[in-house]
Amino acid sequence: MKAVIRREKRLVCDEIADLKPAAGQVLVKTLACGICGSDLHALHHMEHMIDLSRRGGAADNGFDPTADTVFGHEFCAEILDHGPGSTRSLKVGARVVSMPLTMHNGGIEALGFSNRLPGGFAEQMLLTEAMVLEVPNGLPTDKAALTEPFAVGAHAVAKARMEPRSVSLVVGCGPVGLAVIAALKAQGHGPVIAADFSPRRRAAAEALGADIVVDPAVEDPHDRWEALGVPRARAAQSMMALMGNPVARPVVFECVGSPGVLQALIEAAPAGAQIVVAGVCMETDRIEPSIAITKEIELTFVFGYTPEEFALTLRQLAEGVIDVAGLVTGEVNLDGVAGAFEALGDPEAHVKILVRPNG
């Protein structure tokens, strides 16, 4: 079967071995798979990513970042066959999504970051039967494929200590920031300020329900805190509380992942703010803890999602609680994947591109 392979830091469309489902597995046809920002980074910096992951305590399953890898972990697929001993609770032809993890040969393979099993940039995949979720309510395939990236936003919001009167600022409206905005609004939080330099991303943030959208080149988004009931200085907050006016809890979501952003937020955020770091900075960064200490800034680092958050996100997409209409701005077949990676380098060109391996 055909797949797009990362080989020597290039994307090559080539043939790989056909798959056969083992016990507890289902063979699926990949209907659509999103290109993630981590895929873009891994193309050229996979070795560094894996080193950082292992230094952070991630399990070492023998993955070789220099060997052939088929990317793709944001997918919607169709069941083709069941492995021996399967429950067959979902029939052949059912459309499914799954967390990108497959039990295989006694271990767990992270689809998209595996040498043994292909991810979603292949015509077919092997999934763990017990982990697949059927796509409900006739949710279109292109929207179902966004379950995984939007579950990331659900997890970030779950880790935030939101209060009924909390005010949120989402810095960076790429896929992670948009997922955070969607999760905040799906849970009824607001007001939500969204900030991004890209007009296209700001428009997407507004479509997902951001209450205030700011171009940082024109306006400092932190200038909006005061009008929303959050004085930035500790003294002003104390005075406000003494007058019987509780201060709304400020929460900042860092969704950029570039060096210097975290320090800038520590300096600019209101005293007592929680900064939820969802952007993945792969480089050594520098912060000045004394400033964060003086302001009692709380830093919370988040990664991934739970099975419950993944299932909740699928349900919210299917019920229209999260409306992702218009976010998929391009689709390519396997031959077009390399070009799509280049196009995604321009934030004005696309929001999300889906790969249709069998299209």
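Visitor: Which loop holds Pro191?
Guide: Start with the names: helices (H or I, at least four residues) and strands (E, at least two) are DSSP runs, numbered from the N terminus. Pro191 lies in the loop between helix H4 (175–186) and strand E11 (192–195).

Visitor: What kind of model are we looking at?
Guide: Residues are numbered from 1 along each chain as its sequence is written, and side-chain values use heavy atoms, leaving out hydrogens and water. Local features need pLDDT of at least 70, side-chain atom pairs count only at pLDDT 80 or more, and totals for chains, interfaces and linings use all residues, as this is a predicted model.

Visitor: Back to Pro191, then: is the bond joining it to Gly190 cis or trans?
Guide: Most residues other than glycine have a negative phi, and most peptide bonds are trans. Omega between Gly190 and Pro191 is about 5°, and that bond is cis.

Visitor: What span does H4 reach?
Guide: H4 has 12 residues. The expected span takes 1.5 Å times one less than the number of residues. That gives 16 Å, and from first C-alpha to last H4 comes close to it, at 16 Å.

Visitor: What do the buried residues of H4 pack against?
Guide: Buried means under 20% relative accessible area, exposed means over 50%, and partly exposed is in between (1.4 Å probe, protein chains only). Gly177, Leu178, Ala179, Val180, Ile181, Ala182, Ala183 and Leu184 are buried in H4. Counting contacts as heavy atoms within 4.5 Å, their partners are helix H3 (147–159), strand E10 (167–171), E11, helix H5 (199–207) and strand E13 (250–254).

Visitor: Why is H7 called largely enclosed, and what covers its buried residues?
Guide: Helix H7 (residues 261–268) is largely enclosed by the rest of the structure because 6 of its 8 residues are buried. Those are Val261, Leu262, Gln263, Leu265, Ile266 and Ala268. The cover includes E10, E13, strand E14 (274–277), H8 and E15.

Visitor: Is Glu8, with its positive phi, buried or exposed?
Guide: Glu8 has a phi near 55°, positive although the residue isn't a glycine. It's in the loop between strand E1 (2–7) and strand E2 (10–15). With a relative accessible area of 69%, Glu8 is exposed.

Visitor: And what is the relative accessible area of Glu296?
Guide: Glu296 also isn't a glycine, and its phi is positive at about 55°. You'll find Glu296 in the loop between helix H8 (289–295) and E15. Glu296 is exposed, with a relative accessible area of 54%.

Visitor: How many disulfides does the structure hold?
Guide: A disulfide here is a pair of cysteine sulfur atoms within 2.5 Å. The sulfur of Cys13 is 14 Å from the closest cysteine sulfur, in Cys33, so that's too far for a bond. The number of disulfides is 0.

Visitor: How much space lies in the second largest pocket?
Guide: On a 1 Å grid over the protein atoms alone, a pocket is an open set of points where a 1.4 Å probe fits, with protein on both sides within 12 Å along at least five of seven lines; lining residues have an atom within 4 Å of a point. Among the lining residues are Ile5, Asp68 and Arg116. Taking volume as the space filled by probe spheres set on the points, with points joined across faces, edges and corners, the second largest pocket has about 160 Å³.
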